[in-house]
Amino acid sequence: MQNELQVLILEDKPHDAELDVAVLEEAGYLCRWDRVETREEFIKRLDRPDFDIVLCDFSLPSFDGLTALELFSKRKLDIPFIFVSGTLGEDVAIECLKAGATDYVVKSHLSRLGPVVARALRERSEQSKHKRAELALRESEERLQAILDNSPALIYTQDNELRFTFVNQRFETLFRVKKDWIKEKTAHELFPKDLADILVSHCDEVLSDRAPREFEEVIPHEDGPHTYVSIRFPLYDSAQGLSGLCSISTDVTESKMLEEQLRHAQKMEAIGRLAGGVAHDFNNLLTAIIGYSQIVLASLGPNESLRKEVEEILAAGKRASSLTSQLLAFSRRQVLQPSVIDLNLVVSNTTKMLRRLIGEDIHLVTKLSPDLGRVKIDPAQIEQVIMNLAVNARDAMPSGGKLTIETSNTPLDEAYGREHINVQPGNYVMLAVTDTGVGMEADTRSHIFEPFFTTKEKGLGTGLGLSMVYGIVKQSGGYIWVYSEAGEGTTFKIYLPRVEGAEEAVLQRDDAEYLPRGRETILLVEDEQAVRDLSARILRELGYTVIEASNGEEALVISSERANGEIHLLLTDVVMPQMSGKLLTDMVKAARPGIRVLFSSGYTDNALVHHGSLEPGTAFLQKPFSPGALARKVREVLDKE
């Protein structure tokens with residue numbers, strides 16, 4: 001089978017060109033060829049390089065062979081260029097080869113043309129394969145380099161003497177040094193001694209053990225130290241000799257931060273459950289203390305010798321009630337009465353009081369967004385949040401300063417959610433309280449929301465203010481974060497879900513001491529005897545018929561035995577052994593559809609409260625309660641249309 005060959009012949013004599021072709025065909029080639037003889041024709045043909053080989057006479061009428069070779073070489077064509085000439089001497093032939101010619105054939109020995117062409121084509125093929133291999137290798141290296149450079153991890157290699165032999169782009173960017181400068185350097189030439197000593201000890205361990213190892217290393221950044229998990233493994237040469245090591249270091253700072261947030265959230269949740277349980281039991285005791293104190297006071301005249309002592313007992317009970325209220329707020333087990341409100345209005349109303357509270361040496365500034373969205377929260381509770389944050393800010397500025405309260409509409413996206421555990425992306429209203437005070441170091445920041453933690457002197461704070469703020473915000477579906485550095489002031493940022501809807505009117509609390517009376521029958525269910533005895537006594541003195549039960553099962557028996565007797569109101573504790581107040585209510589209502597129900601508790605569980613808010617239509621009395629509060633609430637439920 002003949003080999004096809006496309007030949008370009010630069011020759012002024014047609015007969016010589018035909019002779020060249022005849023020799024090639026005799027050598028086994030099937031030739032298709034073109035002949036040109038002028039410079040212009042040659043240049044034009046070079047612009048269409050569809051030929052496999054060039055045969056060029058050295059002596060041409062219009063220009064010489066070296067000029068033709070120069071024109072050919074400028075095109076950088078991977079095609080053999082062979083001189084075929086009758087006037088080519090040895091010196092000129094060598095000059096042509098140095099200039100880039102593939103070979104030469106003297107016309108008097110034209111029989112050499114076939115072997116010369118065959119060798120040239122074979123070498124061209126081998127060179128092409130080599131170039132393709134080099135190109136493939138270069139592309140592979142470039143691809144690998146691109147993968148390494150685009151990796152978020154630090155990737156580098158070191159030799160046996162721990163000099164850097166390769167670093168990726170991430171390494172170069174992090175330390176702001178060029179790769180070429182890093183190479184051949186050691187860790188002690190790049191890093192502070194303490195860090196370099198640690199890195200070198202880790203490398204020595206890998207080289208000594210000849211086994212991969214994983215280390216946790218802290219690397220300095222502009223924005224603070226970052227933690228890296230580094231996997232180091234030995235490298236071997238072709239003879240399986242140890243040639244160095246490779247390291248892949250991944251920045252785990254963000255995941256560690258999220259882990260710390262999770263641990264903190266779990267700790268706060270555990271403390272909250274404990275605080276809620278303590279507050280619930282303590283509220284039962286305070287209900288009896290406060291209630292009986294008020295009953296005793298009502299029986300004492302203004303000049304009675306024991307009146308002052310009883311008043312002190314009552315005052316202490318109320319102070320204790322305030323503490324348990326703060327514990328319940330932190331544990332998110334208080335009952336909220338949320339309304340859709342304009343937070344700007346709440347801030348404006350609160351700042352009037354704050355100016356008197358914080359003192360003249362603190363400059364109060366408000367920056368309220370004019371198009372602020374609405375939030376749904378208990379107005380009294382958010383006022384308490386602002387007051388507590390302002391008081392803390394005042395205490396952090398003993399020599400005066402600036403207190404700034406800001407509001408704005410703030411969307412929290414998925415990126416923010418990845419950095420802050422349990423944050424749901426969405427539209428929020430932000431409330432920020434910033435002071436120019438003493439600030440806090442990291443250890444203090446990690447504890448500030450824990451109950452009873454305080455940096456104030458003994459006797460100057462209970463340590464419940466910020467824990468209450470935390471609980472109110474979390475129970476309202478929001479988030480709170482603190483930003484502070486020692487000596488740089490503090491900012492608390494609160495994010496509350498933005499809601500649609502018109503602002504709701506806020507009901508004013510009725511503190512009147514008038515005790516309404518009644519003649520209805522009340523089934524009182526309370527497992528704490530002191531609270532049950534007190535409640536029964538108050539209600540009987542107000543004219544009601546009271547039937548007492550210590551638990552749900554006893555109440556069901558009483559309700560069944562009085563099948564023909566009317567019971568107007570079921571007053572029940574929420575959390576009781578064996579049967580909850582909610583389950584008891586459902587069973588009593590099934591037998592007595594028209595009965596009214598009033599729940600009471602030191603805290604409420606999810607059987608009654610959904611996300612901390614009363615279910616629509618639920619009547620609730622928070623412990624500890626006063627005789628007046630009990631009387632008014634019972635009358636309110638009985639008189640409800």
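Here we talk through a helix pair, some strands and the nonpolar cores.

Modeller: A word first: this is a predicted model, where local features need pLDDT of at least 70 and side-chain atom pairs count only at pLDDT 80 or more, while totals for chains, interfaces and linings use all residues. Residues are numbered from 1 along each chain as its sequence is written, and side-chain values use heavy atoms, with hydrogens and water left out.

Biologist: How do you know that Leu 343 and Val 346 in H12 meet H13?

Modeller: Contact means heavy atoms within 4.5 Å. By that test, residues of H12 including Leu 343 and Val 346 meet residues of H13, among them Ile 382 and Ile 386. Sorted by class, this contact has 12 nonpolar, one polar and two charged residues.

Biologist: What makes E9 and E10 a pair?

Modeller: Two strands pair if DSSP finds at least two bridges between them. E9 (residues 226-236) and E10 have nine bridges, so they count as paired, in the antiparallel sense. Val 229 stands opposite Thr 250 in E10.

Biologist: And what makes E6 and E10 pair?

Modeller: Here there are six bridges, again antiparallel. Ile 155 has Ile 248 in E10 as its bridge partner.

Biologist: Why is the set with Ile 382 and Leu 403 called a nonpolar core?

Modeller: Such a core is a set of buried Ala, Val, Leu, Ile, Met, Phe, Trp, Tyr and Cys residues joined through side-chain atoms within 4.5 Å, where buried means under 20% relative accessible area (1.4 Å probe, protein chains only). The largest one has 38 residues, and Ile 382 and Leu 403 touch the most other members. H13 gives the most to this core, with seven residues.

How values were computed
Helix = DSSP H or I, 4+ residues; strand = E, 2+ residues; numbered from the N terminus. Nonpolar A, V, L, I, M, F, W, Y, C, P; charged D, E, K, R; others polar. Buried < 20%, exposed > 50% of the residue type's maximum accessible area, 1.4 Å probe, protein only.
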